Amino acid sequence: MRLDELLLRDYRPVPRLTASARRVTRARFAAIDAHNHLGRWLSEDERWVIADVGELLELMEQTNVGGIVNLDGRWGSELEANLDRYDRAHPGRFATFCHVDFGECRQPGFGDRLVSSLERSAAAGAKGLKVWKNLGLGFEDDRGALILPDDERLSDVFHAAGELELPVLIHTADPVAFFEPVDERNERFEELCEHPDWSFADHRFPRFGRLMRALESLIAAHPRTRFIGAHVGCNAEDLGWVSRMLDDHANFFVDIGARLGELGRQPRAAARLVARHPDRVLFGTDAFPPDAETYATHFRFLETDDEHFPYAEWDPCGPQGRWAISALALPDPALSAVYHDNAARLIAALA
């Protein structure tokens with residue numbers, strides 16, 4: 001076959017490297033998956049992501065996952081349904097986070113309404129607040145301007161979260177490549193071609209750097225509110241920036257959800273990040289519904305010193321980019337903290 005006859009989508013090189021390959025089916029320490037989705041919010045047909053909660057509990061027993069944070073609580077009746085299905089039915093195993101409806105921002109006086117919603121959700125039993133990337137990339141005010149996370153009109157909401165002792169798990173922006181032109185230089189080219197709606201290259205959207213500045217401004221303005229930066233602080237491509245944020249803001253934490261592909265191609269820098277901030281990094285997968293293979297890959301990444309293996313077993317060429325990862329081999333004290341202790345301090349219901 002000639003090079004000019006091979007399509008990129010058909011290129012599936014098989015590594016010929018001889019390397020250790022271990023399968024880790026159970027976490028060494030009881031783990032808390034601090035970033036997952038168990039509700040109906042993200043399902044296309046409004047069905048529960050988890051069809052059978054009993055089967056999920058069996059998977060948790062098999063993999064030594066003691067608790068899962070469910071980020072799909074929303075508010076009102078949907079929050080109640082999630083709490084009934086998970087937290088109330090199986091206390092100590094699940095912690096459901098609520099949302100507030102930032103769509104309210106189109107109407108004046110939205111700050112007070114959002115605070116009231118958050119207070120009702122906390123009273124119902126929500127264990128935290130989830131803020132998604134559409135704050136900054138989607139929601140607009142009554143003038144049609146995008147609302148950024150550090151908008152002063154939202155200050156009372158994040159202050160209330162601190163007063164209510166609700167940690168805020170916030171996802172700001174998206175991978176850096178999603179803000180760049182979708183061309184031959186973009187390392188996520190195949191992924192963005194598959195999902196063109198994931199691209200924010202259009203300058204109608206704020207630039208990645210602007211969103212990171214807004215995130216830091218928000219965290220700095222609310223030192224009594226604990227923030228968990230989703231996906232390695234929303235900037236897994238720049239662990240120096242993440243480490244500096246953890247240095248500067250004692251109320252900032254990060255989870256590793258959906259970022260093995262980024263962390264595993266810089267394993268020494270990732271291990272240094274955990275070593276410098278062992279009490280601020282949380283285990284999480286953002287893999288829904290959870291499955292044994294995904295957990296095994298995460299355990300292998302955190303526990304072993306294996307090199308050059310797929311970060312997604314279901315797509316060995318890499319769904320995010322064409323690279324393999326190497327593991328961190330975290331020492332036991334750091335491993336225990338990442339797997340369990342850090343999340344347990346933030347979310348008492350899972351302690």
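The protein has 13 helices and eight strands, taken as DSSP runs (helices: H or I, at least four residues; strands: E, at least two) and numbered from the N terminus. Its radius of gyration is 20 Å, close to the 20 Å that the globule rule gives for 351 residues, so the protein is as compact as a globular protein of that length. That radius is taken over C-alpha atoms, and the rule is 2.2 Å times the number of residues to the power 0.38. This is a predicted model, in which local features need pLDDT of at least 70 and side-chain atom pairs count only at pLDDT 80 or more, while totals for chains, interfaces and linings use all residues. Residues are numbered from 1 along each chain as its sequence is written, and side-chain values use heavy atoms, with hydrogens and water left out.

**Overall**

- The C-alpha trace spans about 65 × 45 × 45 Å along its principal axes.
- Of the 351 residues, 54% are buried (under 20% relative accessible area, 1.4 Å probe, protein chains only).
- Among contacts (heavy atoms within 4.5 Å) with a separation of 6 or more, 74% join residues 24 or more positions apart.

**His249**

- His249 sits in the loop between helix 9 (239-248) and strand 7 (252-255).
- With 10% relative accessibility, His249 counts as buried.
- Leaving aside residues up to four places away in sequence, His249 touches Glu216, Ile219, Ala220, Arg244 and Arg280.
- The side chains of His249 and Glu216 make a polar contact at 2.8 Å (a pair of N or O atoms within 3.5 Å; within protein, one must be able to donate a hydrogen and the other to accept it, and residues adjacent in sequence count only if both atoms are side-chain atoms).

Key: Buried means under 20% relative accessible area, exposed over 50%, partly exposed in between (1.4 Å probe, protein chains only).
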